[in-house]
Amino acid sequence: MLATLAYYVHDLNPIIFEFGPIKPRWYGFAYLMGFLGAYLLIMKLSRDGMLRLAPERVPDMVLNGCIFGVLVGGRLGYCLFYQPSLLGFSNVFPYWGVLRVWEGGMSAHGGVVFTILTLIVFAKKYKASLINIGDAACMVVPIGLCFGRIANFINGELYGHETAVPWAVKFPSEIYSPTNGVMSQKLQDQLPAVFDKVLGSGPNWYTSAGFEEGLKQLSFQLQHHVPQAVQAVAEILPPRHPSQLYEALLEGVLLFIICWTIGRLWRKDGMASGAFLTFYPVMRIIGEQFRVGDSALDWTHTNLSAGVLLSLAMMVPAVIFWVYWIKKDRRVPWVPVVKKPTADEEKTTPAKV
């Protein structure tokens, strides 16, 4: 019992607060913070002269990237790579499976692909350097990835493999929302006893119908953070790696340091984008070693998780891209944006003799 109580039991509420029908979630707040961070940093790059795009164009660039690249691309990528069935239509609202956002989430790889496509359109529209705005975007994207992974932890999703490390976490979401929709047989065998403890006498919990009813009632209590239910399942849950936080450090903090440093110090087109496209799959593959990965893509006929396979597919062209720009002479001097004085400032500024 002491060993069981030593581990942190995840019981964070994904909802920030409730005000009538208004129930903002940490997941949405994470996206908002990522977009805000990207805007502020890209604006700085524009004013410093690294981004050869007028500051007044930055909001348009960020807005297009966030909406069409991250949100639309991330969702379509998830449906395409992980749940193709959601691409179909039905006669039930909202009719298109892609719009059923409560069924599954987002794909980082899809977001990367669609962000690239969005920046291509944006660069063509404003006659800007695609590689330059791509560098600026890649220098700040890890900020959004970091916030996203932290939100994954708050939601209790994308948890890691079983472990005995002191910082391991027990995730009650393993009961009502297991990765890939599959609960371990060991947990299933122990749940009827938990139903007895939490729900009391009821139908025969060991029958198929009784088990389904017990799981439904227990899941409701866990999702509403009923202490008795959380404490009861904590006794049977295995401790797991908080892989979401590992990925926040790898894909977020460490990747940001790498891309920002390379972009600021190696003042050459293609360096920051090459670094991001090369190191993101590396960080993702490392993180996947601790995470209960998504099911392997059927058409690949391998046992590798979808995240690893997509990262490997991304890494090869990324390395070729980066090597090409390393060899190419495209150093462009930074020209910081100088704020023009207003009419009042010109009047109060003493004339030079």
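**Exercise 1.** In which loop is P94 found?

*Solution.* P94 sits in the loop between α3 and α4 (108-126). Helices here are DSSP runs of H or I with at least four residues, numbered from the N terminus.

The model is predicted: local features need pLDDT of at least 70, side-chain atom pairs count only at pLDDT 80 or more, and totals for chains, interfaces and linings use all residues. Residues are numbered from 1 along each chain as its sequence is written, and side-chain values use heavy atoms, with hydrogens and water left out.

**Exercise 2.** Find the loop that holds N180, then state its phi.

*Solution.* Start between α6 (173-176) and α7 (185-199): N180 lies in that loop. Its phi is near 65°, a positive value in a residue other than glycine.

**Exercise 3.** Describe how α2 and α3 pack.

*Solution.* Step one is geometry. The axes of α2 (residues 26-48) and α3 (residues 58-81) come within 10 Å and cross at roughly 145°. Axes are lines fitted to C-alpha atoms over the stretch in contact, and angles run from 0 to 180 degrees between N-to-C directions. Step two is the contact (heavy atoms within 4.5 Å). From α2 the contributors include Y31, F35 and Y39; from α3 they include V58, P59 and M61. Step three is class. The contact residues divide into 12 nonpolar, one polar and no charged. Nonpolar covers Ala, Val, Leu, Ile, Met, Phe, Trp, Tyr, Cys and Pro; charged covers Asp, Glu, Lys and Arg; the others, Gly among them, are polar.

Note on methods:
Helices (H or I, at least four residues) and strands (E, at least two) are DSSP runs, numbered from the N terminus.
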